[in-house]
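Subject: Structure handover

Hello,

Here is the structure I promised to pass on. Please open it first, then read my notes below.

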Amino acid sequence: MRSSQLFGKTLRQAPADAENVSHKLLTRAGFIQQIATGIFSLQPLGNRSITKIRNIIREEMDRAGGQEINMPVVQPRSLWEESGRADTFVPPLARFEDRREREMIIAPTHEETATAMARGSVTSYRDLPFTIYQIQTKFRDETRPRGGLLRVREFEMKDAYSFDADEEGMDRSFQAMVGAYKRIFKRCGLDVIMVDADSGGIGGKDSNEFVLLTESGEDTILMSTESDYAANVEKAEFIKKASPIGDLGEVEEFATPGIKTIDELAKAEGVSKSKTAKAVFYSVDGEVVVVTIRGDYDVNETKLRNLLGGSEPRLATPEEVKAAGLVAGSASAVGLKGMRSVVDDSITMGSNYLAGANKEGFHLRNVNFERDFKADILGDIAEAKKGYLSPDGKGKLIAKRGIEVGHVFKLGNVYSSKMGAEFTTEDGDQNEILMGCYGIGVGRLLAAAVESNHDDFGMVLPRAIAPYDVYLAGLNLNDADIAGKAEQLYESLLDAGYDVLFDDRDIAPGVKFKDADLLGVPARVVISSRSLDNGGIEVKARSSKDSQIVAEADMIDAVQKLFDESTE
RNA sequence: CGGGGCGUGGCGCAGUCCGGUAGCGCACUGCACUGGGGGUGCAGAGGUCACAGGUUCAAAUCCUGUCGCCCCGACCA
C-alpha cells in the first residue's frame, strides 16, 4: 500500500474525548473512528490489525478442533425466554419490533442460539462431542462504555461453544480451548495470565478469565506472592484469621452515644475490628436481608449474590433500612425476626463480639453466633484484599489491575436443561448435553495490545497484529534515481511476502518518521540520499533506537533478521 | 441511574462572566523555497457557534428546554 493512497489520516492531537492511551493512539493513528458512545468504525489500518487478530484466533480455534459457524445478530426474543434470560440479562437486551410486531432482540451473546443449533442436530451420543465457534458482532447497551475500544457497546467477539456427553468430555473440551487461548494471546504478543473468575450472568460453575495485567485495566486481580494462585477480586478467596474463642460471656448492653461505625466502635472499646460483628443490609428482590461479617472484613457482593441464588443484591437505602425497623449505626442480626440472615464464616472464627443493640445509641457485648443470632445462609462472602493469606496457604495476596481479554466457562447443563438439548446415551437414556463457552473480545484485544505496547511516540505493535510488517519511507523522492530505487525496494519487499506500507508522499522526512512511529509498524526501512551516501538502506526496528545501514541486496535479510530476533 | 465537565471549520482551543464585524494553532488548497524527526514564506478556502424556543434594535454570549459527548461512581459476558 502506498501512503499517498491510504484512506485515513494521522492526527497530531488526539480528540479531547479520548482519555486512555489506546483510545488516543488508535484514534491519532487513524485506526478507529467513533460514531457514538461505545460504537466505532474501523478504518483501513485498524481493520487490517483486527483482520490479523481474527485470523490468529481462527487458526488456533481450528487447530483445537473448533468448527466455524455463523449465528444471527438479530433474534426473536422468544429464544431468550426459553433460557429465562430475556428479562434478567444485564445490561437489558436491546429490543425492537419487526413489521409483524414480533419482539426481536439484538444478541449480546449467543449461548441460546448455540444451544438451539445443537438441539436441532444432536440426537445421539454418537453426535458428540464437538466445538463450534464464530467471530460475530454483539451489542450490549452498557450503562457506561469507556476507554475507546476497551469497553464498547457494539463489539466483535469470538465465541465458542463445546458440547459433550459427560463431565470428562466437557473438561477435555474446556482444556483444549484453554490451550488455544494461551496460544492466541502469545501469538498476539500479549503476556496474559489465567485467573479464577466468577461466571456472572453467563452461568455455570467453573470459569476462568484471561487477563492482561496493566494499570489501565478495570478488573482487580489478586495473586499470591509465592504460588500461581490468581483470581478476579469477585471470586478471590483467602484464609481468614481466626480470633481466639473463649468462654461465651453474658450479653450486655452498653451506651455508645454518637458511635455509628465499626471503626468508631472498635476504637472506643479499644479492641481490634475483628472483635466486632458488622451488620450490613441489602435489598434483594424487594426483600431486606441482613448480612453479618466480622468487622475486619468487607462484603464481596458477587459472592453474596451467588449465595443468594443469583439475585442481584443492592445496599438497602436509608429509607428501606428504616422501613424494616432497623437502626442504622446500631444494627445487628441479634433479635431480628422475619428477615433472612446471611453470615460470613469469619464470624464462626471468633467469639464474644461487639454488635449493635438495634437501639439508637446502644451496642451489645459478648454477642455470639448461633446463641444470639442465626444464619439462614452461612458461607464465604468476604472480599479478598492485598496482604491477606493466599487460599492455598502459600504466600500473601497482592492486587493488580488487568484487562479481561478472554473468558472461559464450564456451563454444564445450565442451558441444555432449560432448552431441552438432550441426546440418547449408549444405554438408551436421555441425557442433557454438557456445554462450555469461550469468549474473546477482538477489539478489546487490540486495545489491550496497545495499552501494553507503546511509548511516547506511538504504538509498538508485534508483527502478528500490526497493520503492516514494514514501513518503507522514501526520502528525496524528487530525485529520480532514489525514487526508482525506492520502487524497487517496495517491489522486493512485496515479493518477499511482507505487508508493506510505502510512504511515497511528498512531505518532510520528519512527518514520515513520526507517522512510522505512531502506527507502530515493527520494521522501518528508509532510503534517502543520505542513506545511500552512507552505503545503502537504513533498517530499524520500531522497538529499538538503533538503526543499521545495509547494502540494497541485503535489505530483505536485514528485515527478516529483525523479525527473527523479536520474540514474536 | 447519581455526581461533575464539555459542545465554536477536520483536530486542539480562545471568545461566553460584561450581548455589538466569529478568532488562533495544526490540518487543507495554490505558488515558491526546504529536504533525516510533524520545516519556512506568500496567497487562499472552509464555521446554521449542538438543537429548539424565548428576551433584545442586536445573541456564540442572557433565560428555558432538549440532544450529544467525556470523566468519577453504581453496574458490567
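I start with a pair of strands. β29 and strand β30 (residues 537-541) run antiparallel and are joined by four bridges. Within that pairing, Val-525 has Val-539 of β30 as its bridge partner. Please keep in mind that this is a predicted model.

β29 has another neighbour. Strand β27 (residues 470-474) runs parallel to β29, with five bridges between them. Here Ala-473 stands opposite Val-526 of β29. In general, strands of a sheet pair through backbone hydrogen bonds, and the pairing can be parallel or antiparallel.

Is β29 mostly covered or mostly open? Strand β29 (residues 523-527) is mostly covered, with five of its five residues buried. Ala-523, Val-525 and Ile-527 point one way, while Arg-524 and Val-526 point the other way. Residues on both sides are buried, Arg-524 included. The general rule is that side chains in a regular strand alternate between the two faces of the sheet.

Helix α12 spans residues 509-519. Its buried residues are Lys-512, Asp-515, Ala-516, Asp-517, Leu-518 and Leu-519. What covers them? The cover includes two helices, α1 (21-28) and α2 (44-63). It also includes the strands β26 (458-459), β27, β28 (500-503) and β29. Just after α12, Gly-520 takes a positive phi of about 75 degrees.

Helix α6 (residues 262-269) is worth a look too. Its buried residues are Ile-262, Leu-265 and Ala-266. Why do they lie on the same side of α6? They cover an arc of only 95 degrees around the axis, which puts them on the same side. As a general point, an α-helix has 3.6 residues a turn, so residues three or four places apart point the same way. Strands that cover the buried residues of α6 include β13 (252-255), β14 (277-284), β18 (353-359) and β19 (362-367). Just after α6 comes Gly-270, with a positive phi of about 70 degrees.

Now the domains. Chain A divides into domain 1 (3-190 + 415-451), domain 2 (252-377) and domain 3 (468-566). The centres of domain 2 and domain 3, taken over C-alpha atoms, are separated by 68 Å.

Then the cores. The largest nonpolar core has 59 residues. Phe-31, Met-61, Tyr-181, Ile-184 and Phe-185 have the most contacts inside it. Ile-184 touches Ile-56, Ile-57, Glu-60, Met-61 and Ile-440, leaving out residues up to four places away in sequence. A second, separate core has 23 residues, among them Ile-293, Leu-304, Val-342 and Ile-381.

Three strands form an open sheet in the order β4-β6-β5, with antiparallel pairing. β4 (74-76) and β5 (94-97) are the edge strands, each pairing on one side only. From one strand to the next, the twist averages 35 degrees. Four bridges join β5 to strand β6 (residues 103-106). Across that pairing, Ala-94 stands opposite Ile-106 of β6.

Best wishes

How values were computed
Residues are numbered from 1 along each chain as its sequence is written. Chains are lettered from A and ligands numbered from 1 in the order in which they are written. This is a predicted model: local features need pLDDT of at least 70, side-chain atom pairs count only at pLDDT 80 or more; totals for chains, interfaces and linings use all residues. Side-chain values use heavy atoms; hydrogens and water are left out. Buried means under 20% relative accessible area, exposed over 50%, partly exposed in between (1.4 Å probe, protein chains only). The arc is that of the directions from the helix axis to the C-beta atoms. Contact means heavy atoms within 4.5 Å. Two strands pair if DSSP finds at least two bridges between them. Axes are lines fitted to C-alpha atoms, for helices over the stretch in contact, and angles run from 0 to 180 degrees between N-to-C directions. Domain bounds come from an automatic or database domain assignment. A nonpolar core is a set of buried Ala, Val, Leu, Ile, Met, Phe, Trp, Tyr and Cys residues joined through side-chain atoms within 4.5 Å.
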